[in-house]
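Keep the viewer open as you read.

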Amino acid sequence: MSDHSADVMISARDLRKSFVDRSGTTVEAVKGIDIDVRRGEAFGFLGPNGAGKSSTMRMIAAVSPVTGGELRILGLDPAEHGPAIRSRLGVCPQEDTLDNELNVFDNLYIYGRYFGIPKREVRERADELLEFVQLTEKRAAKVESLSGGMKRRLTIARSLINRPEILLLDEPTTGLDPQARHVLWDRLFRLKQQGVTLVITTHYMDEAEQLCDRLVVMDRGVVAAEGSPLDLIREHSTREVSELRFPVGDHDATAEKIADLGQRVEVLPDRILVYSDDGEHVLEQVHERGLRPIASLVRRSTLEDVFLRLTGRTLVD
Amino acid sequence: MVSTGLTGEEGGSTGEGGGSTGEVTRDDRRLTVRQGMARQLDYHWTVYKRTWKSSVVTSFLSPLLYVLAMGVLLGGFVHVSPSRLEGATSYLSFIVPGLIAAQAMQTAVFETTYPVLAALKWHKSFYAQIATPLEARDLADGMLMFTLFRIGSTCGVYFLVMAPFGVFETWWGPVLAWLTTMLVGMAFAVWTFAFSAHIHDPQSFGLIFRLGLIPLFLFSGSFFPVSNLGGVLQWVAKATPLWHGVNLTRMLCLDHVDGSTALVNTVVLVVVLVPGWWLAVRTLTRRLAT
């Protein structure tokens, strides 16, 4: 194996997943994606609901059979080496699958035993991990009594019991309050520093910008864009965005008058967005043309702008 | 990395303390069936330690109430010759083996209905477990072995409690009968497991309880000899796995063993058990693989 291939933790070529849902219709969840995740990086899957992120994650977790294409995790084929792959992965699922009736420590202990880790060893690891996710005082508490953030931290601790090389996190901070999210991000950042490869799905743009070195935007089962957060912004948006608010009903007419000011102008029900490299300059020109927005804001482009550009503003259920 | 965990349960490597990337226990290939089950022992044991108290009433007390009500109090009115009670000298000694065999079935069905659906639908423990080196096969085996333990302990206590009442003719009969009840229970457990791993709505269990469990319990020879049903119904009753279980258990307890009948009873139960186990594993594998 060359050095390069040794460092590829996950590789997918034309990866596909389809299944028959309970009503009998065939759903094509993943329609041929190519990805490479390298050792030690934090790799993100971004996309609206139904984009195929979770299906992809389940295939990478070696629990969901691949329908088509090629998938290698740690160089191994999940169809052949599922248990071997899973012994080296940590999985933090979207829905908590903790045992609610067991206490915090037992949840870790029992999970460690599934990996065949000796009893004494798994006890030591469980206590270390409780320390790591700041749950030592909750050691004997029932899981039921934990807050959402604590449960998520416990799930992460559980996913680390086998000291995984790759940690899969499916929507790790969905439903958490800002404090809990920041604690979690901090822990994930530390893991990354320790060399754990992180694979994260999220629909929070700030999370993706905070955590991911590289990401793909998925939409309707395909990869719509790929790159670092900065690259994606550079490629699919402008440096800055001017948000202008005019009286309701004026937006379409106003947009025509300022269409030439930016590289792109987007009219929303409540405001007009002008994409340009110098937002303040756009604002000055708007005023020079005698237009008086009720409110205005100049900001940097974010991943959210890229995301909405690529996947549209229509609601996906 | 150290490759271990293939030959023994204690075969993991011991990593240094600290972070999350030290040495790791690695499984290079599928676990053996024994390994798969052994790794779940701690789980089932921990859960059992927590739940055994609440199962005492259904497992140990209600069966004895049946013995008291049906065997002793109702049985006091039953005075017929042993020839009409398949060789039993009293109604109590007739009904006890039947009740224990039926209890094996009930325990089996109880352990493989809600617990299986809960692991798939409510607390989702199967989904947590399947993310480890364990496979669907191991999860099915683990739960079925736990069910076997529950059948064995429930029926074992039943036999022990009944022993002083003179309902058993020999000491070895009830021992073999105890093994028989485990076979009976498992023959039901595997099929119920397969059913539970297939359905999505707990209302479907109504089918098993109303159309399966209750008619079988009442008409498979636990309370009266199936010859009383007469004609076709008698043969219908004799086609049920519970009757084979009840009959074998009773023959052993009463020391009235007919060799060829016993063989048929055993073969029928095994023939029900084996494909059922295969189907249970296959159904769970499919359910978890989507």
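A quick word on terms: domain bounds here come from an automatic or database domain assignment. For chain A, that assignment gives domain 1 (3–226) and domain 2 (238–300). Their centres, taken over C-alpha atoms, are separated by 41 Å. Chain B is split into domain 1 (1–30) and domain 2 (33–288), with 39 Å between the two centres, again over C-alpha atoms.

Some housekeeping before going on. This is a predicted model, in which local features need pLDDT of at least 70 and side-chain atom pairs count only at pLDDT 80 or more, while totals for chains, interfaces and linings use all residues. Residues are numbered from 1 along each chain as its sequence is written, and chains are lettered from A and ligands numbered from 1 in the order in which they are written.

Chain B has eleven helices and zero strands, where helices (H or I, at least four residues) and strands (E, at least two) are DSSP runs numbered from the N terminus. Its C-alpha atoms fill a box of roughly 75 × 35 × 35 Å along the principal axes. Of the 290 residues in chain B, 46% count as buried; a residue is buried if 20 or more other C-beta atoms lie within 10 Å of its own, exposed if 12 or fewer, and partly exposed in between, with C-beta atoms placed from the backbone. Among chain B contacts with a separation of 6 or more, 74% are between residues 24 or more positions apart, a contact being two residues whose C-beta atoms, placed from the backbone, lie within 7 Å.

Now for strands, over in chain A. Strands of a sheet pair through backbone hydrogen bonds, either parallel or antiparallel. Two strands count as paired if DSSP finds at least two bridges between them. In chain A, an open sheet of three strands has the order 2-1-4, with antiparallel pairing. Strand 2 (26–38) and strand 4 (68–73) of chain A are at the edges with a single partner strand each, so one side of each has no neighbour in the sheet. Strand 1 (residues 8–20) of chain A is joined to strand 4 of chain A by five bridges, and A:Arg13 sits opposite A:Glu70 in strand 4.

Which strand holds A:Val30? A:Val30 belongs to strand 2 of chain A, and this residue is buried because 29 other C-beta atoms lie within 10 Å. Beyond its neighbours within four places in sequence, A:Val30 has contacts including A:Leu15, A:Ser55 and A:Gly221.

Further along, strand 8 (residues 214–219) and strand 9 (residues 222–227) of chain A pair in the antiparallel sense over five bridges. Two residues lie between these strands in the hairpin, where A:Arg220 takes a positive phi near 50°.

Finally, the interior. A nonpolar core is a set of buried Ala, Val, Leu, Ile, Met, Phe, Trp, Tyr and Cys residues joined through C-beta atoms within 7 Å. The largest one has 148 residues, and A:Leu168, A:Leu198, B:Val190, B:Phe193 and B:Ala280 touch the most other members. Helix 7 (residues 172–198) of chain B supplies the largest share of this core, 15 residues. A second, separate core of ten residues includes A:Phe246, A:Val274, A:Val282 and A:Val286.
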